Each structure stands twice: as C-alpha cells, then as structure tokens.
Amino acid sequence: MSKGPQQVTIAGVELEFWDSGTGTPILFLHGGDGIEGVEEFVDHLGGQYRVITPSHPGFGGSSLPDHYSDVSDLGFFYLDLIDHLKLRDIIVVGASFGAWIAADMATKNTSRIKGLVLAGAVGAKFSDRRTREIRDLFSMPRQDVDQWLVSTPERQQIDRTEWAEETLVRAARNHESFALFAWSPTLYDPKLKHRLHRIDVPTQVIWGEQDRVVPVEYGRRIAEGIAQAQFEVTPGAGHYVHRDDPKRFAASIDAFAARLKPTE
Amino acid sequence: MQTWYFSEQSYPDAWDAPETPKITSPSRLVDPKRAHQHLQNFIEECELADQLGLNIMVNEHHAAYTCMSVSCMTTLALLAGRTKNARLLALGIPILNRLDPMRIAEEIAYVDVLSGGRLEVGLVKGSPFEPYVSNTNTARGMERYWEAHDLIVAALTTQDGSFSWEGKYFNYRNVNVIPRCYQEPTPQIWVTTLGSTGTALEAARLDYVLGITANAQGARSAYPKYREEYRRVHKREADLDRFAFLGYCGIARDEATAWDRAERVLKFVEVSERVSPNFLHPPGYFTPVDAGRMLRGGKAGTHRLKVLPDGTPMSPKPVAREYMLNGVMFAGTPDQVYDQLETIFHSVGGFGHFLFQPAGTLTTDEVRDSIELFAKEVQPRLDRLTAQHRAKMTEPA
C-alpha cells in the first residue's frame, strides 16, 4: 500500500486501485466508508501476496457510471476487473459492504476465484419484516458512523477538523455512493439469501465478537448458506475486524490461504 | 403584491414533549379531538383570508407534530369548495420523496378543475428529513426529481391520449390524466430554493415562480441570478410575480402584543429545528462539497442563517428581534410590519408574492386578527409598493 494508486479504465469505469506484493492474488473489497484504513492489515500480510485494493466505482478516485445503482453492478464490475487483470486462483476478501459485493460476485461466477473471505458481511436478509437485523448506517450523521464500525475506542472518533477539503469531499462522496447502492432495502438484497448456495468455493466467514452493525448470529446464518464455509469469530473486534485487529485479520487470511493450497 | 396566508397546520399541543417533533415521534401524543379542532380552525382561517382578498398556501410534511398536512392536494381539494376567489398554492409537493408522479399529476389536474382554475403548484425537493419516511434514495435525488418533474409536466400537457414512460426512475404503460387541467397549459408552477444558483437558473428558464422561504440572504443570492437568466432566455425583464418570499409574522395593533405574538410564532421555528440530527443529512441531499464541510464541522446544521447582518452570531435560542434583523420575521404594528417588508423588498430587488406565516402557538382568534390586520392595513400599501416598482420597471432607461 506504500505506492500511489494506479488507474485503469474497465467497462466504462475509471478505477483507482493499489497493487502491491507478489504471490497468490488477493482482491480486497472495502466497506461503505471507502478504501481508507486498510493499509495496516495489508502491511501485516507482509508482501507475500499480490494484494489489489480498488476504490469501488463511485468511491475515492473511481468514477461512477450513470447506470450503476445496485450491488449487482459492482459484482459484475469486479468480475470484469479480474478478467481484465487476468487473475487466476484469487482470494476475494470483502469487509462489510465489500463482503456483500464479494458474495454477489461469487454467486455469479467463481471460475477465477479460489477462495472467499467474508468479514462482517451485510447484504442478506434473514429476519421477519418488522425486524431490522443490520444497523441503519444512514439514519445518523456521517461522522457518527465511525463509532459503529470499530470497537477500539481510539479508532471510534475521527477528528476531521484539519482535513483538506479534497479529503472531506472524497469522504462525503463515498457516503453518497454507499447510499446509492445500499439505501433501500437498507443494506441488503432480498435475493442474496436465496443465491448463497451458488457460492461453490471454500469460504471463510469472519466476524467481530463485538460487531454492533450485524450480530454474530447473522454471520453464522451467512456461513450456513454457503456449502464450503467455515465460521470464525475474532474476540474483541467490532464490525471492521481488519481495522480493529489488523494483525489477527491478516493471520486469518494467511491460515485460510494455507488451507486452500492442497487444492492448487 | 399577492399575499398568501400560510399555516403548517401544526399540532402545537405536543411541542413541549421531550420527543423529537418529527420522524419517530409517537402519535399517541396527538389527541385526535384536539387535532380535529386545529384543522377546523385552519379551514375557517382560510375562509376568512379568502373573504379578505388574500390567497392561500399549504404545504405537507410527514410524521411531524409541526405539520399535520400530509398531502397538499387533500387540503386544497377541500379549500376549493370552501373558498371563492383565493388562489390556492401547494408549496409544495415534495416530488423528490413522492413515489408516484402520475398520481401527483392526476391530483393537480383534479384540484385545478375543482377550483375552477385557481390552483398553483410548487414542485419542490422537500426537507432533508423527509426521505427517512418516504424511503426514497437521495443519492442522485436531483436526477430523480427532474425526471418526476418532466413526467408530471408531460402528463399535464398531453391531451391526445396516453403515452408510455420508460425512464430511469419511473415506468408507466399509459400516462393519461383525466380530467385535464383547467388552466392552459398547466397551473403556474413554482419551485423553491435556499439560494442555490442551479435551481434559480432552471426556474428562470422554465418561467416558474421562484420561492424563498424565510431566508433574505437566499433571496439576495438567487433573485439576481434568476433575473439575469430570465432576461437572457426570454428577452424581457422578469416581472415581480416571478418572485416569492416567505416570512413569519407577528402583527397586532400595539407593539407589545405584536412582539409577544412574534415570539410565539417563532416557537414553530424552535420546535422545527429540534429534529434529530440523525435525519438531517440524507446522503446525496447536499453536494459532496457542502456535505464535506458539514463533516468537518461535525454538526448537522439548519438552513436558517444564524449570523446577524453585522456578523455577530445569533443567540443560542434566537428571539424574534434577531430573526427580524435577518428578514425572517416581520413583527410589530401594521406600520412597522410594512416598513420591514418594504426594506426587504428593496434589498432583494422586489418580489410579487409574500407568503405570510402567522401561526406558531397563536390561538385561532389571534391568527384571525393577524390575517385581518394584514389584509386591511398592510396589503393596500404592499399593492402600492408593487405598482410603483412595476411602473419604474417600465420607465425608459
């Protein structure tokens, strides 16, 4: 993550992405607040993987095609991206909103995907119609969202008073694009639950024990829907395991990758 | 000058409750019998306004103690039968939030016919907290707004049978509005803005009335842009009737009573601004630049200017006199109210509509007295003011 971002135009999207390390390729799909804050866990992977971390269309420095309006658009886009980069046997890692995109991709086509890591995923609906099981991250001022994402107190409050306007605009645009894809139904696609069975690759479902956006039980339901899934709870971590405990998150990915090796 | 009596049809009895007054407020705090009486009073106030030569404006909000009207057109359909001469303005129908533009077009045409062509309609964006009830997505909201607008106008102006609409946000097999509008081609359309250039320019191009609500600074920024664009597109000066200004009003025969009324009218503003910050920033409602600034400030804001003309901040709980200095409140005896209106009129280059809001926690007798005083003692002078202004506009340079 030390190098600056690269730009590539694929399927009408001018994409900003980082590409670092060598080895088994990992595509990391970020949460609804943007790519910021993933460096730590990527650094913990220690350059032993080729890690590709894009800003989703509509986020960061990536453009947003006019016709994009749901997570399925992003799922198709990332399948185009891995085709374009000619990646094979990749591990797709998604956190929160990014895990929803990763799951959507894998329900469509896993021919280039060797394994899937879904951390604190949103995107499925299991509860009845009067019960909201995913915290509504839009019914609060944007600056209040941070405290729900992580459990570590010093990461919950972000002081933006000294931020440059460009950085603030980027954060505001991220939140707007997040809402474009996830405002209603609030952070889920009613179809995803019924399509999880199509995910036919080994999957590690990782959940923060202290997740206050989607409870651990919800994570268990996701794992139950995927035939080759294992469920793992990270003690002490909140919704963003990669941010609360980047070292352990990297270790989990490492262990998962090791488990996949015999199938190569 | 056209003056429009306006009340939000509030339920003030619940204003002192600790709950947020909007969105998640429990309806059990509303006594239906009290609500019935408030609404009856409002209808009778409208009848009085009509008899005294004023027009009537209504609005709508959802899940709010501050506004029980949930549909402009429901109220106006009733008023069409209870008034004779008043023009009836919906300001407005929040088309960013409403789910079915075809239904909006149908209701507009119906009320226009019912009222014999007395309807005017604002097609507005709506307040930021509204999408938390309607659930409409505010990301790309303005694109959806303009598609709804285009569809409504097409529905109201097409007279040769149905047409299909296969848009980005709306799909209809057959758009067809029967009866068609009484007024040709449509009732006058209004839009509102807090001062945005984009809205002012678009309104000028479309020859719509531009409404500014309780925000003199917004008028000073938007009206000149409208005037310039209007001149460029239509090759003539925009008449005063293209500009509307809304103000709160505390009026009485003596100053002490007037200022007491002004404070109670402002209670509405105070309660309105108590809406939970959770519902003030729907993503995409503000531009990324504005939303970014709010993110830095860490606080949800209000559109009402909180700084006095000399640069000093208003008090945490502003009083009527402060809002008066900012051109939001017009308060005092009829002479004083007129003088304040004349000052604002000149400072923004003139306007032809005054949206007159005297309600708050006033009793219906006090509201009726305010309507009467305004109609009899302020209105004739406003008419002279606009006549003089128009005469000046037509003088050779």
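Which strands of chain A does helix α8 (residues 216-224) lie across, and at about what angle does it run to β7(A)?

Author: Helix α8 of chain A lies across β6 (113-119), β7 (203-208) and β8 of that chain, and it runs at about 175° to β7(A). Before going on, some ground rules: this is a predicted model, where local features need pLDDT of at least 70 and side-chain atom pairs count only at pLDDT 80 or more, while totals for chains, interfaces and linings use all residues. Residues are numbered from 1 along each chain as its sequence is written, chains are lettered from A and ligands numbered from 1 in the order in which they are written, and side-chain values use heavy atoms, with hydrogens and water left out.

Helices (H or I, at least four residues) and strands (E, at least two) are DSSP runs, numbered from the N terminus. Axes are lines fitted to C-alpha atoms, for helices over the stretch in contact, and angles run from 0 to 180 degrees between N-to-C directions. Contact means heavy atoms within 4.5 Å.

Now the sheet under that helix. Eight strands of chain A form an open sheet with mixed pairing, in the order β1-β2-β4-β3-β5-β6-β7-β8. Two strands pair if DSSP finds at least two bridges between them. The edge strands, each pairing on one side only, are β1 (6-10) and β8 (229-234) of chain A. On average, neighbours in this sheet are turned by 25° against each other, direction ignored.

A:Gln6 has A:Phe17 in β2(A) as its bridge partner, and A:Gln7 has A:Glu16. The two strands make a hairpin with two residues between them, and A:Ala11 in the turn has a positive phi of about 50°. Another positive phi of about 50° belongs to A:Asp89, which is not a glycine; A:Asp89 sits in the loop between α2 (71-84) and β5 (90-95) of chain A.

Next, the way to chain B. Helix α6 (residues 165-182) of chain A packs on helix α9 (residues 288-297) of chain B at an angle of about 105°, their axes 8 Å apart. That makes α6(A) roughly perpendicular to α9(B) (angles under 35 degrees count as roughly parallel, over 145 as roughly antiparallel, 65 to 115 as roughly perpendicular and the rest as oblique). Among the residues making this contact are A:Leu168, A:Arg173 and A:Glu176 from α6(A), and B:Val289, B:Arg293 and B:Leu295 from α9(B). The residues of this contact divide into eight nonpolar, one polar and five charged, where Ala, Val, Leu, Ile, Met, Phe, Trp, Tyr, Cys and Pro count as nonpolar, Asp, Glu, Lys and Arg as charged, and the others, Gly among them, as polar.

As for salt bridges (a side-chain nitrogen of Lys or Arg within 4 Å of a carboxyl oxygen of Asp or Glu), the count between chain A and chain B is one. A:Glu165 forms a salt bridge with B:Arg293, the closest N and O atoms being 3.7 Å apart. Over all chains, the count comes to 37 salt bridges.

Taken as a whole, chain A and chain B bury about 2200 Å² between them, 57% of it on carbon and sulfur atoms. Buried area here is the accessible area (1.4 Å probe) that two parts lose on being put together, summed over both. A:Gln143, A:Glu176 and A:Trp183 supply 30% of the area that chain A buries against chain B, more than any other three residues.

Chain B has a cis peptide bond between B:Glu184 and B:Pro185, with omega about -10°, and B:Pro185 lies in the loop between β6 (171-175) and β7 (188-193) of chain B. From there, β7(B) runs parallel to strand β8 (residues 209-213) of chain B, joined by four bridges.
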